[in-house]
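I opened the notebook to look up charged side-chain pairs. The structure goes in first.

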Amino acid sequence: MIIVAIAIRLESKGKVYYISKRVGANYKTFDFYKFRSMYPDADKRLRELEHLNIYAQNEKIEDECPRCAKLENGKKCSPIVYFDGNEMCEYMAIKKRNARKAFLKIVNDPRITKVGKFIRNTSIDELPQLINILKGDMSIVGNRPLPVNEAEAITKQGWGKRFQAAAGLTGLWQVELRGRGGVMSEEERFKLDNEYAEHNSFWGDLKLIFRTIGVFIQKENV
């Protein structure tokens, strides 16, 4: 960990650790630790790279509100608001905004440093989460804790059952994703999170730990 910290600091100025607020089991919010794998201005550049989000590209949200379509004389189901420069009902604006806030993944993200790419592909960037585990924020196995905005978005979309399980360093969708060559839709991830929350067990967690060891060194950034 000392060697990684030095390498990160030599490549780019800024803090060695990245700390963010995450939501874990029972909606508990805590400080989540990782080694910094991006340049310090990564958050500021996110807006200009949103169009590269692979999940956003796969989203299929209707242009017309299904609720408004059932009303007569062009009436709206909720107050009129502006979203992305377009006029629409508040229901559709919230739906589009929540979809945008859900899981984010950018292939060949230019914000990632050279050291960052290596520690991500080898999962070394996750090592500081051992501190979270010692503090009781997380477990070894569970559902990945989510950023606050993503947690709010999926809760509104009906996927909140995942928060009944512990927040974990590794979990069901991580090993399944590797088995599929790094290809998995957002909805499939939600389903696997809920599946783990409903059926997790001690022996099942042990199996996931052994499966995780097999995918620790990976070519895909999953």
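How many salt bridges does a search of the whole structure find? I found nine, counting a side-chain nitrogen of Lys or Arg within 4 Å of a carboxyl oxygen of Asp or Glu.

I noted the basis. This is a predicted model, where local features need pLDDT of at least 70, side-chain atom pairs count only at pLDDT 80 or more, and totals for chains, interfaces and linings use all residues. Residues are numbered from 1 along each chain as its sequence is written, and side-chain values use heavy atoms, without hydrogens and water.

**Entry: K34 and D125.** I looked up this salt bridge and got 3.3 Å between the closest N and O atoms. K34 sits in strand 2 (residues 29–35), and D125 in the loop between helix 6 (114–121) and helix 7 (129–135), 91 residues apart. I take helices (H or I, at least four residues) and strands (E, at least two) as DSSP runs, numbered from the N terminus. Both K34 and D125 are buried. Buried means under 20% relative accessible area, exposed over 50%, partly exposed in between (1.4 Å probe, protein chains only). I also found K34 and D125 in a network of salt bridges with E126 and R144.

**Entry: E198 and K161.** The closest N and O atoms of this salt bridge are 2.7 Å apart. The pair joins helix 10 (residues 186–199), which holds E198, to the loop between helix 8 (148–156) and strand 7 (168–170), which holds K161. E198 is partly exposed at 45% relative accessible area. K161 is partly exposed at 34%.
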